[in-house]
Amino acid sequence: MVSRAQAAAGWRVLQTLRPPFLLLVPACLSLSGSLAVFLGHRVAAVDLWLLLVGALAAHAAVNVLNELQDFASGLDYQTRRTPFSGGSGTLPAHPELAASARGLLAICLLFVVLTGAWFLWRRGPALLPLGLAGLGIILLYTRYLTRQPLLCLLAPGAGFGLLMVNGGFFALTGEFHWLVAWVSLMPLCLVSNLLLINQFPDREADAAVGRRHILVACGPRIGAAVFVGLQVLAWVPLLLGLLLGCLPVWTGLALAVLPLALCAARGALQHDREPAQLLPYMGLHVAATLLAPLLLSAGLLI
């Protein structure tokens, strides 16, 4: 039988997955599935479930690897933890669980490889470049990409937008489509901004361990301006799609989220040097990032 202490340790290790952040996966994949249906494809339930499992494993692997590397670098001991940034705090509080976290990482990567192999067999080698790019982001993000401002800014959005939405659509249908690529620009901008606004409280700690994202390289004022720019660009695919008739009118439901996004942009400009004051706006941007693709997907299915 599992003792109470073992059960508690297992629960703590699972916190390195950062479970609340995993909600991004179904939000982004909802676009892949709804676009497949909208464009006339039949979606097999087994493919949909395996795609969800593989994508969740990929995001979980990023989270656990980030926890392990931030613990090893000492960053976790310097950050001011918030509900949206600074990691889970599991390994600094329980360093004896590092080996278990490495085991959890191995399990996540195994699921990524197995589901990837399934879709390569099912759909052919055209999916391989996207899969390798996604695996590269998983393995390189914390240690290497965070030292290159532009790559650090866009890699998260590219992973969830370009790779996950387009790759998910291909995994479900066996083809690529220009409309999917166009729509995927929305999560690209929103998710990139999600990581950007969450870096404001950690700017000094990140700089101390060698990270060089845009807030470290250019300062919070430029970072806030970039946040506003991406926040505006995120809505261009939807607005142009509606104006040109490429997207059905019901996808305009996603515009209900626009006030949240604009309020977050205003907060970033007003409080770029006051991280504690940014917390409500970080929450607003999380809500916008999750709700926009879900409402757009609902509009495609109506």
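This is a short talk on selected residues and pairings in one predicted model.

Let me start with salt bridges. How many does a search of the whole structure find? Seven. I will take three of them.

One joins Arg-122 and Asp-47, side chain to side chain, at 2.9 Å from N to O. This pair links distant parts of the chain. Arg-122 sits in helix H5, and Asp-47 sits in helix H3, residues 45-73. They are 75 residues apart. Look at the surroundings of each partner. Asp-47 is buried, at 0% relative accessibility. Arg-122 is partly exposed, with a relative accessible area of 35%.

Now Asp-272. Its salt bridge partner is Arg-221, and the closest N and O atoms are 2.5 Å apart. Again, distant parts of the chain are linked. Asp-272 is in the loop between H14 and H15. Arg-221 is in helix H12, residues 220-233. The separation is 51 residues. Asp-272 is buried, at 6% relative accessible area. Arg-221 is partly exposed, at 43%.

Then Asp-206 and Arg-211. Their side chains meet in a salt bridge at 3.7 Å, N to O. Are these two buried or exposed? Asp-206 is buried, at 2% relative accessibility. Arg-211 counts as buried too, at 12%.

Stay in that stretch of sequence for Asp-202. Asp-202 lies in the loop between H9 and helix H10, residues 203-208. It is buried, with a relative accessible area of 7%. Which residues does Asp-202 contact, leaving aside neighbours within four places in sequence? Thr-79, Arg-80, Ser-85 and Gly-86.

On to helix H9 itself, residues 185-198, where we find Leu-194. Leu-194 is buried, at 6% relative accessible area. Beyond its neighbours within four places in sequence, Leu-194 is in contact with Leu-24, His-285, Val-286 and Thr-289. Compare that with Leu-139. From Leu-194 to Leu-139 is 55 residues in sequence and 20 Å in space, C-alpha to C-alpha.

Next, cysteines. The whole structure has zero disulfides. Cys-189 is in none; its nearest cysteine sulfur belongs to Cys-28, 12 Å away. Cys-189 is buried, with a relative accessible area of 8%. The cut-off for a disulfide is 2.5 Å between sulfurs. Cys-218 is partly exposed, at 42% relative accessibility.

Aromatics now. A pair of aromatic rings is described by the distance of the centres and the angle of the planes. The count here is two pairs. One of them is Trp-118 with Trp-121. The centres are 5.4 Å apart, and the planes make an angle of 45°. That makes the pair tilted. Both residues are in helix H5, residues 98-123. They are three residues apart, so about one helical turn separates them. Trp-118 is partly exposed, at 29% relative accessible area. Trp-121 is exposed, at 66%.

Recall that Arg-122 is in helix H5 as well.

Out to the surface. Val-249, Trp-250, Leu-253 and Ile-302 form a nonpolar patch there. Together they have about 430 Å² of accessible area. Val-249 is in the loop between helix H13, residues 236-243, and helix H14, residues 258-270. Val-249 counts as exposed, at 68% relative accessibility.

Past H14 comes another loop residue, Glu-274. Its loop runs between H14 and helix H15, residues 275-301. Glu-274 is partly exposed, at 39% relative accessibility. Phe-160 is 114 residues from Glu-274 in sequence, and their C-alpha atoms are 29 Å apart.

Last, a backbone point. Most residues other than glycine have a negative phi. What about Arg-18? Its phi is near 50°, a positive value in a residue other than glycine. Where is Arg-18? In the loop between helix H1, residues 4-14, and helix H2, residues 24-38. Arg-18 is buried, with a relative accessible area of 15%.

Technical notes:
Residues numbered from 1 in each chain as written. Predicted model: local features only at pLDDT ≥ 70, side-chain atom pairs only at ≥ 80, totals over all residues. Heavy atoms only, no water. Helix = DSSP H or I, 4+ residues; strand = E, 2+ residues; numbered from the N terminus. Buried < 20%, exposed > 50% of the residue type's maximum accessible area, 1.4 Å probe, protein only. Contact = heavy atoms within 4.5 Å. Phe/Tyr/Trp six-rings, centres within 6.5 Å; stacked < 30°, edge-to-face > 60°. Patch = residues over 30% accessible without salt bridge, like charges linked within 9 Å, V, L, I, M, F, W, Y side chains within 5 Å. Areas by Shrake-Rupley, 256 points an atom, 1.4 Å probe, with all protein chains shown as cover. Salt bridge = Lys/Arg side-chain N within 4 Å of Asp/Glu carboxyl O.
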